[in-house]
Amino acid sequence: MIRTNNRAVSRGAAASLLLVASMAVSGCAEWGPAVDPELPSGDSWSRAEVEPPAEASPVEERTNVQRSENGLPTLDASEKLRDSACAKADDMIARDYWGHHAPDGSGDPFMFIREAGVDYSTAAENLFYSTPGGPDAVDSWMESPGHRENIVNPNFTSVGVCERTAAYQGLPEAHLYVQHFATPLSER
């Protein structure tokens with residue numbers, strides 16, 4: 001996993017890809033700073049809208065258990081991040097690709113997060129899919145250094161998870177999880 005804090009880096013260069021894949025189970029993690037020069041800066045951070053926390057989903061709850069066990073504050077569940085995660089999951093299913101970017105280079109997680117209305121200082125994405133009865137997404141992420149790093153990153157304050165069940169990647173039924181993390185600019 002490559003991390004960068006250089007805001008001048010292009011969107012493509014800011015993204016890294018960690019792919020741990022097999023036919024039955026796959027996971028993927030990516031992290032990046034806000035690289036959009038159109039985002040608010042300086043004084044506008046204090047005026048950015050703060051989203052009230054949502055009720056946590058089971059995957060979000062298990063993510064917070066892992067954070068608590070590592071001495072970190074829990075993350076607020078975010079409807080906007082859930083929306084971005086579901087948009088990404090739906091895009092991956094519709095175009096049948098696996099990764100942080102579609103084969104044509106589009107569809108990076110930060111685009112989906114911004115399009116959901118989240119102005120962030122840092123953001124990340126974890127991906128996972130398995131067959132029915134396969135391993136738990138959070139347990140699998142915690143066993144992977146890049147995914148674990150996103151879950152226990154003390155800089156993140158919000159999380160949104162989307163789970164979809166669909167025919168995917170040649171499997172007649174797969175469970176696809178997209179987890180988006182962010183620190184909204186208003187909290188920076």
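The questions and answers below go through this predicted model.

Visitor: How many aromatic pairs does the structure hold?
Guide: A ring pair counts when the centres lie within 6.5 Å. By that cut-off, the total for the structure is 6.

Visitor: Are the rings of phenylalanine 128 and tryptophan 141 stacked or edge-to-face?
Guide: A pair of aromatic rings is described by the distance of the centres and the angle of the planes. Here the centres are 6.3 Å apart and the planes stand at 75°. Planes over 60 degrees apart get the label we need, so phenylalanine 128 and tryptophan 141 are edge-to-face.

Visitor: Which elements does that pair of phenylalanine 128 and tryptophan 141 link?
Guide: Phenylalanine 128 and tryptophan 141 are both buried, and they sit 13 residues apart. Tryptophan 141 belongs to residues 137–142 and phenylalanine 128 to residues 120–130. The elements are helix α5 and strand β4.

Visitor: And phenylalanine 156 with phenylalanine 181: stacked or edge-to-face?
Guide: Their ring centres lie 5.5 Å apart, with 25° between the planes. Because planes under 30 degrees apart fall in one class, the pair of phenylalanine 156 and phenylalanine 181 is stacked.

Visitor: Is phenylalanine 181 buried or exposed?
Guide: Phenylalanine 181 lies in strand β6, where 12 of the 14 residues are buried. The cut-off for that class is under 20% relative accessible area. Since phenylalanine 181 has 0% relative accessibility, the answer is buried.

Visitor: Which residue takes a positive phi in the hairpin of β5 and β6?
Guide: β5 and β6 also pair in the antiparallel sense, over 10 bridges; one of these joins glycine 160 to histidine 180 in β6. The hairpin has 2 residues between the strands. The residue with a positive phi, near 50°, is glutamine 169.

Visitor: What is the distance between the sulfur atoms of cysteine 86 and cysteine 162?
Guide: This is the structure's 1 disulfide, and cysteine 86 and cysteine 162 are both buried. Cysteine 86 is in helix α3 and cysteine 162 in strand β5, 76 residues apart in the chain. The link is right-handed, with 100° about the S-S bond. Sulfur atoms within 2.5 Å count as a disulfide, and here the distance is 2.2 Å.

How values were computed. Residues numbered from 1 in each chain as written. Predicted model: local features only at pLDDT ≥ 70, side-chain atom pairs only at ≥ 80, totals over all residues. Heavy atoms only, no water. Helix = DSSP H or I, 4+ residues; strand = E, 2+ residues; numbered from the N terminus. Buried < 20%, exposed > 50% of the residue type's maximum accessible area, 1.4 Å probe, protein only. Pairing = 2+ DSSP bridges.
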